[in-house]
Amino acid sequence: MQTSLPALPIGILTNTFQQDSLASVLEAIASHGLLHVQFDLNCAGLPSMPDAIDLSVAQAIAAALAQRDITMSAVSGTFNMIHPDARERETGLRRLDTLAGACKQLGTDVITLCSGTRDTTSMWRRHPDNDKLDAWHDLLASMARAAEIAERHGVTMAFEPEVNNVVDSAQKARRLIDEVGSSRIKVVMDGANIFHAGELPRMRDILKEAFDLLGDDIALAHAKDLDRDGDAGHLPAGQGKLDYALYLGLLRQSGYAGAIILHGLSEAQIGGCVDFLRSRL
């Protein structure tokens, strides 16, 4: 591990906090000494993916963060990119365009995505049709549109490989980036999300392969944990089975210098998770 380099900053997903205003959310974040966020518009009283964003509202959000020296490392733009209903996909892409158009005013240039699932009730639930060729073709079409939106607005779209989604491995993530062929398409790396059933004993090899394939294309990193394979991690960082020494070491070796975003935790667990990460960074 490159111990001579500055420690990676720790951030958090804003919807970790159940507060009644943007100001109270940001004050709570700052109280933990955190200066980086993956921002969800719902903490500012908007839908996560609104049909319209008043640019003065976006500027006010940016000003509120700047007042507390908090950086918006990314803004959440997740929708089901392979929803079986093409109208749902089209609505998501239209709203993604709206969000991308507000990024300059918000003060970020990274939008996080979910590659999606054929499940119609949750974009993070596994469905057997995810492995069919038509699901991949729908994903390619959606991601190509996302790349065009990103090019037009000067932002980066970062999708997250996750075992319950159509992009359920580092190999598929690499394939998607290569097939779309846009430098605007990157990944969110989360070491707790990529282990299929029976793969946990091979954690070291799987993590190393993931970074070999995707290390040059990481736009954002997440920190949470897992207690079993075959599903995405649902535990706070440091409270499960993920080899954090290896995960953080691979992040540094990849050249990633951005924030590590905590999520999958309660407000009461933040202090312990921050201490855990700081002790290993």
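## Salt bridges in the model

The structure holds 25 salt bridges, a salt bridge being a side-chain nitrogen of Lys or Arg within 4 Å of a carboxyl oxygen of Asp or Glu. This is a predicted model, in which local features need pLDDT of at least 70 and side-chain atom pairs count only at pLDDT 80 or more, while totals for chains, interfaces and linings use all residues. Residues are numbered from 1 along each chain as its sequence is written, and side-chain values use heavy atoms, with hydrogens and water left out.

Helix α5 covers residues 170–180; helices (H or I, at least four residues) and strands (E, at least two) are DSSP runs, numbered from the N terminus. Within this helix, Asp178 and Arg174 are four residues apart, about one turn, and their side chains meet in a salt bridge with an N to O distance of 3.0 Å. Arg174 counts as buried, at 18% relative accessibility, where buried means under 20% relative accessible area, exposed over 50% and partly exposed in between (1.4 Å probe, protein chains only).

Arg175 forms a salt bridge with Glu179, and the closest N and O atoms of this pair are 2.8 Å apart. Arg175 and Glu179 are likewise four residues apart in helix α5, which means that about one helical turn separates them. Arg175 is partly exposed at 37% relative accessibility, and Glu179 is partly exposed with a relative accessible area of 42%.

The side chains of Arg204 and Asp243 meet in a salt bridge, at 4.0 Å from N to O. Because Arg204 lies in helix α6 (residues 203–214) and Asp243 in the loop between β7 (218–223) and α7 (244–253), this pair ties together parts that are 39 residues apart in sequence. Arg204 counts as partly exposed at 46% relative accessibility, and Asp243 counts as partly exposed at 28%.

## Packing of α4 and α5

Helix α4 (residues 133–153) packs with α5 at an angle of about 55 degrees, their axes being 10 Å apart; axes are lines fitted to C-alpha atoms, for helices over the stretch in contact, and angles run from 0 to 180 degrees between N-to-C directions. The contact, meaning heavy atoms within 4.5 Å, is made by Trp136, Leu139, Leu140, Met143, Ala144 and Ala147 of α4 and by Lys172, Arg175, Leu176, Glu179 and Val180 of α5.
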